[in-house]
Structures are given as structure tokens and as C-alpha cells.
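Reader: Hi! I'm new to reading protein structures. Could you walk me through this one?

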Amino acid sequence: MYDAEDTVFLLPGPVKMHPRVLRAMSAPALNHRGPEFKEILTELRELVQYLFGTRGDVAILSGSGTAGLESAVSGLLRRQDKVLNLVNGKFSERFNEFCGVFATPTVLTFEWGRPVDPQRVAAALEEDPAIQAVTVCWNETSTGLTNPIAEVAKVVKEHDKLLLVDGITAVGGLEDHFDEWGIDALVVGSQKCIAAPAGLAAVALSKRAVESLHSETSFYTNLKSHVEGLAKQDTLPDLAAGFTGIEGALAAMGHEFERGAGVAEIARRA
Ligand SMILES: Cc1ncc(COP(=O)(O)O)c(C=O)c1O
């Protein structure tokens, strides 16, 4: 018989939550404009920066990981902007689908289950200098494949393009050197490696990305207002209980990258 309190999910997320997270979420309702919530936001901003390996701007949005991806695409690109989507699985394919709503995408396909090849990315960027941005899915959950993010970032940076990364099942599970690698926008979902409740997304942005954010095609998921709001501890009416849950989860997290890599290896072999 199904027992919600004694269940092991064999999923990339949602996953079982630490009792500390459950306790944080059962706290009484908070005024999300009040001084107590501002304190939570200050701490949360620092924890999220630490998670991403950045000293730069971050945002937290109500909505699943997809809302975070959409906020990055709609805030950084415009309809006429050419974007190169690196596709080698279901989620990178989906990234390409919604880039089509906000920008002008071109697909560079790789065999599913095989990593993207940075040399082919360089060749594509040289062939079409009008491309302004590149997207990649760091950990392609559909095939269990981790793409070589540092190498892709190096090539994209050498060609002076923006790099937008779906890190929904990577951030928190894999070592992240956002500032060092030169990624421009990286998105994580709360229900995956962070082991928090579903329904929140966080985005890290480079300085260059923050400077080019616009507000022409988004309102509730407007990344510019979320970045500025979190820096001033003044958010949109976001999911307050989720914020306390994600704070509890981040505070409970250790550096479990090696353990995570071991478990991933066992799962891939199974
Ligand atoms: C790599 C990747 N991208 C995007 C998503 C969609 O995330 P969400 O369901 O949080 O919107 C998932 C969900 O599993 C994923 O694994």
C-alpha cells in the first residue's frame, strides 16, 4: 500500500525531502512583504549564490524549472535574435521548442546519449557569425548524459556569444564553477538535486547577461525584476512557503558530489 511518509522515489526529482525542509515548510504563513521575510531573502540569496558558485546576480522564481528557463530566454533574447540550440536529448529538444517562441533558433543535433562536441559548436558559430547565443542542457536527464559544460562554455566564450544553460538536474549535484567557466545564464529547479519542494526555479546570471536583460516579452517571470527584487529583498508575490523550504534544503546540503557521481554511475550501468 502506498505510504506517503515511507516512499523512496527512483526519480531525478522530486526526491525525498530532509525533515528539516518539511519542518521549514510547515511554519505559519509569512507576510512576504514583511521584515522577517526580508531576512530570509537575504540569507537565501547568499545560499543560492554559493550553490551556483557565483558572486554575481541570482533570481528565484515561483514556477518549476521550466519557468526559470523561460525567464532566461524571454529576458535575454528577442524575436530576431539567432540562437544555436545544441540538441542531444528530450530536454534540449524542449529548450529548442520554446526558444522558437521568443527568438530565432537553429538546431545543432548530436546523437542522443552522446555528449555534444565543442569542435562542432565552434564550427557552427564560425559558419554563422550572426548567431548571438547558444543553449545547452548540462545534464540531459532523458538519456542520463552529462555534457562537457566547461569545454562548451570555453568555445562559446571564445566566440563572444551568450551561453544559456539548462542545469535543472545538474546544479547541486555536479560541481559548478559558474563565474570561472563564463556561463551567462544557468537555471536549476528546486525539486531535483537540492531536494526541496517542487515549484521554484533559480537562475544565475553573468554581469553581461544582467546588463542585457529586457522586459519586453515577460511580466510575472520577468527576470530583470526578479534579480533586482531579490537584491533589494523585495520580491514579487512569490511562493513564500517554498522559499522557506528551499532555504532549509540549501542549509542542509553538503558537498555530496562524489557520492552523487557514484550513484549516477550505478544507475547508468543498471
Ligand atoms: C534537464 C531538464 N530540463 C527541464 C526539466 C523540466 O523541469 P520542470 O519539470 O521543473 O519544469 C527537467 C525535468 O525533469 C529536466 O530534467
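Predicted model: local features only at pLDDT ≥ 70, side-chain atom pairs only at ≥ 80, totals over all residues.

Reader: Great! How many strands form the open sheet, and in what order?

Author: Seven strands form it, in the order β1-β9-β8-β7-β4-β2-β3, with mixed pairing. The edge strands are β1 (58-62) and β3 (104-109), each pairing on one side only. From one strand to the next, the twist averages 20°.

Reader: What holds strands of a sheet together, by the way?

Author: Strands of a sheet pair through backbone hydrogen bonds, either parallel or antiparallel.

Reader: OK, let's look at β7. Is it buried or exposed?

Author: Five of the five residues of β7 (residues 162-166) are buried, so this strand is largely enclosed by the rest of the structure. L162, L164 and D166 cover one side, while L163 and V165 are on the other, and these are all buried.

Reader: And which strands does β7 pair with?

Author: Strand β4 (residues 131-137) pairs with β7 in the parallel sense over five bridges. Strand β8 (residues 185-189) also runs parallel to β7, joined by three bridges. You can find L164 in both places: L164 is the bridge partner of T135, and L164 stands opposite A185 in β8.

Reader: Switching topic: where does helix α3 lie?

Author: Helix α3 (residues 65-76) lies across β1, β4, β7, β8 and β9 (200-205), and runs at about 160° to β8.

Technical notes. Residues numbered from 1 in each chain as written. Buried ≥ 20, exposed ≤ 12 C-beta atoms within 10 Å, placed from the backbone. Helix = DSSP H or I, 4+ residues; strand = E, 2+ residues; numbered from the N terminus. Pairing = 2+ DSSP bridges. Axes fitted to C-alpha atoms, helices over the stretch in contact; angles between N-to-C directions. Contact = placed C-beta atoms within 7 Å.
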